[in-house]
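Q: I have this one open on my screen and would like to talk it through with you. Can we take it piece by piece?

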Amino acid sequence: MSLSTRTIQDVGNVLTSRRECEQEKLTAFFDKWAEDYEKDCNMLDYQGPNLAAALISSNFSGNREAALVLDVACGPGQLPKLMYEMGFRHFVGIDYSQGMLDEAAKTGLYEELKPVKLGAAPLPVQAGTVDVVAMVGALQPDLVPFSVLRELCQVTKPGGLICVTKAQHRTDPQGFTGVVEREFKILEDEGLWHRVDVRTSDQYIRDGSLIGKNDKQDLAFTRGTAYLFRTPLL
Ligand SMILES: C[S@@+](CC[C@H](N)C(=O)[O-])C[C@H]1O[C@@H](n2cnc3c(N)ncnc32)[C@H](O)[C@@H]1O
């Protein structure tokens, strides 16, 4: 569907079906959404990739042109577009939706795109080889499980960076933010990473659950946070 014909109500309909989608049908759901995903994110003023890219950029002190960036649950590839502008050149993407991977390929920025269901299959990346890992928008109760965070630490080089973002929805199902922070702390206590920076935006994404009840410009924003961790030096 072209940008000119897609409306905020179309986005609302997608988000309603996202909320109602059973876990085993999510891959097909993302396949179907892939072509319109980026346009819809723009309509919702989604800031996840911008927040992550800015946080990584302000804390990365190595050689950007040589660094390998692993984009976990990459979707259609918004993050590398931003990071390329910041001087990064090498990107590998992972996602379980072939539709999203096809869109990501169109950016021409990924050296490799790997179809993997994270949590069900091991992260297909050699241990200790990645300079920067980013997992943006995928830490949700029914998407990428917490066990994958441990794998992100394993594939990162000693002293490398891992950025994870999370929206804080008004209703915050099952106190998910608290659960996430406890999981982060467990890995910190085990010495797998330590937190180096956090950036919160009060305007992370517009609250799509209000579409139909408000005009787009009246949709309240949802808060979101990007967390940045560093793996220990050997
Ligand atoms: C909300 S989108 C985020 C995409 C992109 N990172 C962004 O911020 O726009 C979530 C993405 O995670 C992928 N995904 C969800 N669960 C996954 C899993 N267990 N393994 C691999 N990919 C997954 C989906 O296919 C989708 O592309």
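Q: Let's start with helix α7, then. Which strands does α7 lie across?
A: Keeping in mind that this is a predicted model, helix α7, residues 176–189, lies across β5 (156–168), β6 and β7 (221–230), and α7 runs at about 170 degrees to β5.

Q: And what's the order of the strands in the sheet?
A: The sheet is open and has 7 strands, which follow the order β3-β2-β1-β4-β5-β7-β6 with mixed pairing.

Q: Which strands stand at the edges?
A: Those are β3, residues 110–115, and β6, residues 194–206; each has a single partner strand, so one side of each is left without a neighbour in the sheet. On average, neighbouring strands of this sheet are turned by 15 degrees against each other, if direction is ignored.

Q: Take β1 and β4: parallel or antiparallel?
A: Parallel: strand β1 (residues 68–72) pairs in that sense with strand β4 (residues 130–135), over 4 bridges.

Q: What's the bridge partner of Leu 70 in β4?
A: The partner of Leu 70 there is Val 133.

Q: Going back a bit from β1, where is Ala 66 found?
A: Ala 66 sits in the loop between α3 (48–59) and β1.

Q: What does Ala 66 touch, leaving out residues up to four places away in sequence?
A: With those left out, Ala 66 touches His 90 and Asp 131. Ala 66 and His 90 are 24 residues apart in sequence, while their C-alpha atoms are 7.2 Å apart in space.

Q: Changing topic to the ligand: how many residues surround it, and which are the closest?
A: The ligand is surrounded by 18 residues, of which the closest are Tyr 37, Tyr 46, Gln 78, Asp 95 and Val 136. By class, the shell around the ligand divides into 12 nonpolar, 4 polar and 2 charged residues.

Q: What lies 2.8 Å from an oxygen atom of the ligand?
A: A polar side-chain atom of Tyr 37 lies at that distance from a ligand oxygen, and a polar side-chain atom of Tyr 46 likewise lies 2.8 Å from an oxygen atom of the ligand.

Q: And which residue's polar backbone atom is 3.1 Å from a nitrogen atom of the ligand?
A: That backbone atom belongs to Tyr 96.

Q: How much of the ligand does the protein bury?
A: Taken alone, the ligand exposes 590 Å², and the protein buries 96% of that.

How values were computed. Residues are numbered from 1 along each chain as its sequence is written. This is a predicted model: local features need pLDDT of at least 70, side-chain atom pairs count only at pLDDT 80 or more; totals for chains, interfaces and linings use all residues. Side-chain values use heavy atoms; hydrogens and water are left out. Two strands pair if DSSP finds at least two bridges between them. Helices (H or I, at least four residues) and strands (E, at least two) are DSSP runs, numbered from the N terminus. Axes are lines fitted to C-alpha atoms, for helices over the stretch in contact, and angles run from 0 to 180 degrees between N-to-C directions. Contact means heavy atoms within 4.5 Å. A residue is near a molecule or strand if one of its heavy atoms lies within 4 Å of it. A polar contact is a pair of N or O atoms within 3.5 Å; within protein, one must be able to donate a hydrogen and the other to accept it, and residues adjacent in sequence count only if both atoms are side-chain atoms. Accessible areas come from the Shrake-Rupley method with a 1.4 Å probe; for residues, only the protein chains shown count as cover. Ala, Val, Leu, Ile, Met, Phe, Trp, Tyr, Cys and Pro count as nonpolar, Asp, Glu, Lys and Arg as charged, and the others, Gly among them, as polar.
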